[in-house]
Amino acid sequence: MNTLGKKQTILITGGRSLLGRRLTEYLRGRGHRILWLTRDVSGGMDMCDETFFWDVDQNIVAEHPLKEADIIIHLAGASLFTERWSQRRKREILRSRLRSSRVLLNALSKIEHHVHTIIYGSSVAIYDHAQMEVAHEEDAMGTSFLAQVFNALEHEAVVAQEKLNVRTAILRNGFILDPYAGILPNLIRLVRFGLNTPLGSGEQMVNWVHQLDICRAYEHVINNTELSGIYNVVAPDRTTNSQLMYALCSIYGKDHIRVSLPSPFVRLALGEMGSYFLHNRAVSTDKLIATGFRYKYDELMKSLRASTKD
């Protein structure tokens, strides 16, 4: 069934993340009522319709938004790339996702509610990126730290579907191209200095998606109630790290010095995190496209021109 045009109440966890902010803005613009679960209730009041308190460490969550919501979009979790992956940080990245998922499930299982859909934000980092073949949703998971994190998160989604008997969907996205946050502003800063800086060989894939298309993909799943399970959300234009940097350089239209950052330097600078940026395989989005979804920004140059500021 297609619910296009039906206005619903959508509860978002992780609303302050890049994806959370963009989804809030986009879905509100489409007429939906957007609620946030957050520890800082006053901090999000100017971005969504209402904010409600939760503290996953204390197992505290407001019941009212759970009773109000038709749909939950679960994005909560510690940021992946803002700090080096010390053992403490890795525990926090994993624990924050598992703990928040379980607090949400436990709260919903104890109350009367009319939530019919939960969408989990996952990542294409879940795949085994040591392989060369294009990754599809049914492929085996990797063994890297991030693969373990998102495999554990997706297991929580399966548990929620079984216990709550609601529709669940898992959207695995790539890097979100956004001019104001995420990876793109950092790359643009280098290009403005006249530097073309691929990482390592530059031949590793960059699985990207324009910020508008990731929001449209969530809306597509919301509107088409027969959709459930796992979908990759990455643009179909397969791009290497070198191609991304050359494309950015061409947009800013001046001579650039190519300074490849050797793999050992990347690993030294970023630690274990560096391996994620050095080894990436292409990821297929055919399954999502087969459901009728069409990317507005399906080509790299088109997306970058729409994502870069003067």
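Which residues does I72 touch, not counting residues up to four places away in sequence? They are L11, L66, L104, L108, V115, T117, I118 and I119, where contact means heavy atoms within 4.5 Å.

This is a predicted model, in which local features need pLDDT of at least 70 and side-chain atom pairs count only at pLDDT 80 or more, while totals for chains, interfaces and linings use all residues. Residues are numbered from 1 along each chain as its sequence is written, and side-chain values use heavy atoms, with hydrogens and water left out.

I turn to the nonpolar cores. A nonpolar core is a set of buried Ala, Val, Leu, Ile, Met, Phe, Trp, Tyr and Cys residues joined through side-chain atoms within 4.5 Å; buried means under 20% relative accessible area, with a 1.4 Å probe and protein chains only. In the largest one, of 65 residues, L66 and I72 touch the most other members. Helix 4, residues 145–164, gives this core its largest share, nine residues. Another core, of 31 residues, lies apart from it, and I214, V221 and L227 are among its members.

A cavity is a set of points on a 1 Å grid over the protein atoms alone where a 1.4 Å probe fits but cannot get out, and lining residues have an atom within 4 Å of a point. One cavity of 30 Å³ or more is present. The largest cavity holds about 40 Å³ of space, the volume being that filled by probe spheres set on the points, which are joined across faces, edges and corners. Its lining includes W208, D237 and R238.

Definitions and conventions. Buried means under 20% relative accessible area, exposed over 50%, partly exposed in between (1.4 Å probe, protein chains only). Helices (H or I, at least four residues) and strands (E, at least two) are DSSP runs, numbered from the N terminus. On a 1 Å grid over the protein atoms alone, a cavity is a set of points where a 1.4 Å probe fits but cannot get out, and a pocket is an open set with protein on both sides within 12 Å along at least five of seven lines; lining residues have an atom within 4 Å of a point.
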